[in-house]
Amino acid sequence: MVKIILKKVLYYIVKNRYYYILAIIYRFLITERLPNGKNNIIYSSANDCTTILALDSGKYRGDLEVLSSDPSLRVLCISNKWQGALIGLLYNKDEINTIKYSEALPNDDIYSEIKSAEDFMDEFLSILFSILKVDCVTSVSYRYIEDINWTLASEKNGIPHIMLYRECLLQKGTRIYDDVVKRHRLVNFHGSHIIVHNETCKDSFIESSFIDKEKISVVGALRMDKYLSRLRNSQNNRNHKRKRFILFYFPYDMSLFGKSGTPPDDYKFKYAFSIWPERKKYFRDIHSSIVELAIENPDIDFVIKPKRIMMTGPSWEYYKQILSDIDFDNKVNNYFIEPNADVHNLILNSDVICSLQSSTAIEAAISGKPVILPVFDNYRSTENYQDFSWKKYLELFDIASDKQNFKDLILKLMNCNSVNDDVLNKRKKVFHNFFNDLEGVSLNGYVDVIKNVVKDSKCQ
């Protein structure tokens with residue numbers, strides 16, 4: 001009821017262009033992110049601080065907390081829903097994506113709505129930013145339509161937009177890299193600078209002419225700082241008394257196993273549009289293995305860690321069906337689903353880790369613990385296997401060839417949960433390739449880049 005009333009109020013204010021009233025409302029929808037992860041509606045002093053407004057605050061996965069730990073930064077944030085609520089009153093954002101937005105021409109039906117929205121946001125943000133004392137805005141990607149008008153209007157008001165790009169699992173010569181470069185080419189960048197995790201990500205933007213190389217910096221990943229510090233200071237001792245296995249959940253319908261549709265005639269990776277017919281059986285084998293082990297080994301805890309966004313759709317429904325078919329719910333108390341658990345705490349407090357197409361594989365690898373990659377033989381024999389990120393590094397992991405081997409490996413590694421120094425050093429090199437840091441000091445680089453971009457914008 002409150003949301004309906006607020007939406008009607010916002011509609012009336014936007015329709016009548018009451019910019020100051022709208023700015024006051026949004027002042028209270030924008031909170032300050034604290035180092036402990038909490039949000040505060042009462043801001044700290046802006047004096048001697050560089051103030052960041054982080055757009056779409058739910059997508060930073062801990063980065064904002066790290067930024068706010070630096071005393072020279074003040075981090076304000078707004079959620080995607082409040083950005084979208086405003087944009088949705090200016091035009092139908094469900095009918096236009098970032099590509100259509102970038103390609104809109106004066107004779108297109110949507111063009112007048114876009115221009116009207118841009119004019120509105122220019123006026124609105126000039127007032128809002130004067131209240132908040134904002135020095136720059138940040139986003140995590142260019143793919144979200146809710147961000148475009150905010151970033152574009154910010155730039156027009158002299159407030160630089162810095163994209164803290166979070167996708168890092170790119171390797172040249174692969175389908176995924178080529179697809180990302182092509183996607184970059186389809187969108188106009190509304191911003192002053194981009195910070196990326198590694199050199200390959202930087203090259204993808206330069207190769208696509210998305211941005212000049214002078215406006216992109218390789219600094220690493222903020223969310224790795226604390227984890228690397230804990231590893232460097234030998235804080236890798238488990239405080240979980242029971243033995244523990246952790247699976248970083250992945251859906252069976254991820255594009256790694258093929259995707260639906262028809263490839264363009266000139267598309268050189270046509271195999272990607274051929275769905276692996278055994279993907280559901282493979283998925284069932286993974287999860288039934290873990291369930292069976294949980295029943296057979298009550299002294300070991302088994303944890304499934306999905307992202308929240310993965311807990312909807314056909315794959316999650318099938319996962320629940322697998323558990324139901326086994327009548328699993330009432331059989332054990334050592335099986336857990338933990339979507340909100342901290343990834344690094346789970347790694348450090350587990351004995352054996354399992355992951356697939358995820359950075360969690362190499363994050364876990366540098367802990368010196370066994371990491372199982374369930375790349376069964378039937379999957380490795382498919383063309384889709386070409387897209388598997390870690391196929392060049394299999395010797396650094398424990399590879400499960402089928403369901404029984406997967407179960408055997410888990411139990412074997414529970415009693416042999418460390419790797420030798422040679423393997424660990426090679427794992428660290430791989431980690432460095434993707435995250436550009438092994439010391440946990442990326443925050444320093446982020447602060448320097450952000451401050452320099454803000455300084456340059458004020459000198460123009």
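Me: What is the order of the six strands in the open sheet, and is their pairing parallel or antiparallel?

Reply: In this predicted model, the six strands form an open sheet in the order 11-10-9-12-13-14, and the pairing is parallel. Strand 11 and strand 14 (398-399) stand at the edges with a single partner strand each, so one side of each has no neighbour in the sheet.

Me: What makes strand 9 and strand 12 a pair?

Reply: Two strands pair if at least two bridges are found between them, and strand 9 (residues 243-248) and strand 12 (residues 352-354) are joined by three bridges in the parallel sense, so by that cut-off they count as paired. Within this pair, Phe245 stands opposite Val352 of strand 12.

Me: Why are the buried residues of helix 12 said to lie on the same side?

Reply: The buried residues of helix 12 are Ser315, Trp316, Tyr318, Tyr319, Ile322 and Leu323. They cover an arc of only 160° around the axis, which puts them on the same side of helix 12. These residues pack against helix 11 (279-296), strand 10 (300-305) and strand 11 (335-337).

Me: Which strands does strand 6 pair with, and over how many bridges?

Reply: Strand 6 is joined to strand 5 (residues 136-139) by three bridges, running parallel, and strand 6 also pairs with strand 7 (residues 193-196) in the parallel sense over three bridges. Met163 in strand 6 is the bridge partner of Ser139, and Met163 also stands opposite Ile194 in strand 7.

Me: How do the side chains of strand 6 point, and are they buried or exposed?

Reply: His161 and Met163 point one way from strand 6 (residues 161-164), whereas Ile162 and Leu164 point the other way, and all are buried.

How values were computed: Residues numbered from 1 in each chain as written. Predicted model: local features only at pLDDT ≥ 70, side-chain atom pairs only at ≥ 80, totals over all residues. Heavy atoms only, no water. Buried < 20%, exposed > 50% of the residue type's maximum accessible area, 1.4 Å probe, protein only. Helix = DSSP H or I, 4+ residues; strand = E, 2+ residues; numbered from the N terminus. Arc of directions from axis to C-beta. Contact = heavy atoms within 4.5 Å.
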